Amino acid sequence: MQGVLTGFAVIAVVIAVGYVLGLRGHLGPQGREVLTRLAFHVASPALLFTTLATADLSVVFSSRLLVTALSTVAVAGVFVAVGVVRRWGVGRTTIGALCSGYVNSGNLGIPIAVYVLGDASLVAPVLLFQLVLVTPVAVTILDLSGGGAKGPLWRRLLTPLRNPIALGSLAGVAVAATGLRVPAPVMDPLTLIGNMSVPAVLLAFGISLCGSTMPMRGADREPVLLAVALKAFGQPAVAWALASGVFGLRGAQLLDVVVTSALPAAQNLYTYASTYEIGERLARDAILVSTVVSVPVLVAVAAVLG
């Protein structure tokens, strides 16, 4: 329990440092963007590759992946049902459904997995499921609803596979599956680069908190509240029920799946909303509020199950 709280304290301190950097402008107006790009395109793929290349694939592809998939479908389905009844529209409902079950496994998931769960590979099943399956389905729905940039459908569906985090994860899984041993002159630089991922992500997140406007105002208040409730409370509750009641997970395995399910909505969902010009405020507010609410939820989960 003490180790879990220490892990959250470490994360909070680094985020606070990022917030101070943002207030004082030490990294300039592009500081957050540079850190985010560094983490997304270079450091996080390296971290996931080096972690997964030596991981036990029986842990990656296990009942935990099924729990993640089922809990995501469950909460997204609830939002879709309410969206249909309330007539929020296909595109807006799709964005809200994503905010209800698409967890921030890349930005916050990796540091939490490292400092709280002790293993970055534990977020890999969530990353692969979301990037390889959920994202293509959501993009297809948004395309068919009339939004977004035009172009060949096959090319848009392959976009997640050009995602550097997805590529790093898939490459690591491929190495582990084939049993190849990556030479030290290759693995050591990748390990060094990967070590930048966690601090870069947390500092960038801290900077992003500067100047944020008050959320949950206007016409999007109701869908935002629903998305946050499903994301912060519904999904971890469903994951706990499935993991413990159906799959019989206990101890560290149960903690892993519930913690990953309790992560807030992913920040890249705002990118999708902006690209398709639909539900932008819904995505922004749901991401911000779910991130704030997730802190006490994650601490409570760790205290009860840790």
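A: Start with Val34, which lies in helix α2, residues 31-52. Helices here are DSSP runs of H or I with at least four residues, strands are runs of E with at least two, and both are numbered from the N terminus. This is a predicted model: local features need pLDDT of at least 70, side-chain atom pairs count only at pLDDT 80 or more, and totals for chains, interfaces and linings use all residues. Residues are numbered from 1 along each chain as its sequence is written, and side-chain values use heavy atoms, with hydrogens and water left out.

Is Val34 buried or exposed? Val34 counts as exposed because its relative accessibility is 51%. The cut-offs are under 20% relative accessible area for buried and over 50% for exposed, with partly exposed in between (1.4 Å probe, protein chains only). Val34 and Ala200 are 166 residues apart along the chain, and their C-alpha atoms are separated by 9.2 Å.

Arg32 also has its place in α2. Its relative accessible area is 41%, so Arg32 is partly exposed. Which residues does Arg32 touch, leaving aside neighbours within four places in sequence? Arg32 is in contact (heavy atoms within 4.5 Å) with Ala204, Ile207 and Ser208. Arg32 and Ala204 are 172 residues apart along the chain, yet 4.8 Å separates their C-alpha atoms.

Next comes Ile193, in helix α10, residues 184-194. Ile193 counts as partly exposed because its relative accessibility is 29%. Beyond neighbours within four places in sequence, its contacts are Val42, Ala43 and Ala46. For Ile193 and Ala43, the C-alpha separation is 5.4 Å across 150 residues of chain.

Now the wider chain. Its secondary structure comes to 15 helices and zero strands. Of the contacts with a separation of 6 or more, 83% join residues 24 or more positions apart. The chain has 306 residues, and 50% of them are buried. It exposes about 13900 Å², with carbon and sulfur atoms supplying 68% of that area. These areas come from the Shrake-Rupley method with a 1.4 Å probe; for residues, only the protein chains shown count as cover.

The largest nonpolar core has 68 residues. Such a core is a set of buried Ala, Val, Leu, Ile, Met, Phe, Trp, Tyr and Cys residues joined through side-chain atoms within 4.5 Å. Tyr102 and Leu269 have the most contacts inside this core.

Ser294 lies in α15, residues 280-305. Its relative accessible area is 3%, so Ser294 is buried. Ser294 touches Ala262 and Pro264, residues up to four places away in sequence aside. Ala232 lies in α12, residues 221-246. Ala232 counts as buried because its relative accessibility is 2%. Its contacts outside four places in sequence are Val293 and Val297.

Why is helix α6 described as largely enclosed by the rest of the structure? Seven of its nine residues (109-117) are buried. Among them are Ile110, Ile112, Val116 and Leu117. Gly118 follows α6, with a positive phi near 85°.

Arg87 has a positive phi too, near 60°, in a residue other than glycine. Arg87 is in the loop between α4 and α5. At 76% relative accessibility, Arg87 counts as exposed.

Finally, the second largest pocket. It holds about 420 Å³ of space. On a 1 Å grid over the protein atoms alone, a pocket is an open set of points with protein on both sides within 12 Å along at least five of seven lines, and lining residues have an atom within 4 Å of a point. Grid points are joined across faces, edges and corners, and the volume is the space filled by probe spheres set on the points. The lining has 21 residues, and those closest to the pocket's centre are Ala76, Val80, Ala97, Val137 and Ile141. The elements giving two or more residues are α4 (63-86), α5 (90-101) and α7 (124-144). α4 gives the most, with seven. By class, the lining has 14 nonpolar, seven polar and no charged residues. Here Ala, Val, Leu, Ile, Met, Phe, Trp, Tyr, Cys and Pro count as nonpolar, Asp, Glu, Lys and Arg as charged, and the others, Gly among them, as polar.

Conventions:
On a 1 Å grid over the protein atoms alone, a cavity is a set of points where a 1.4 Å probe fits but cannot get out, and a pocket is an open set with protein on both sides within 12 Å along at least five of seven lines; lining residues have an atom within 4 Å of a point.
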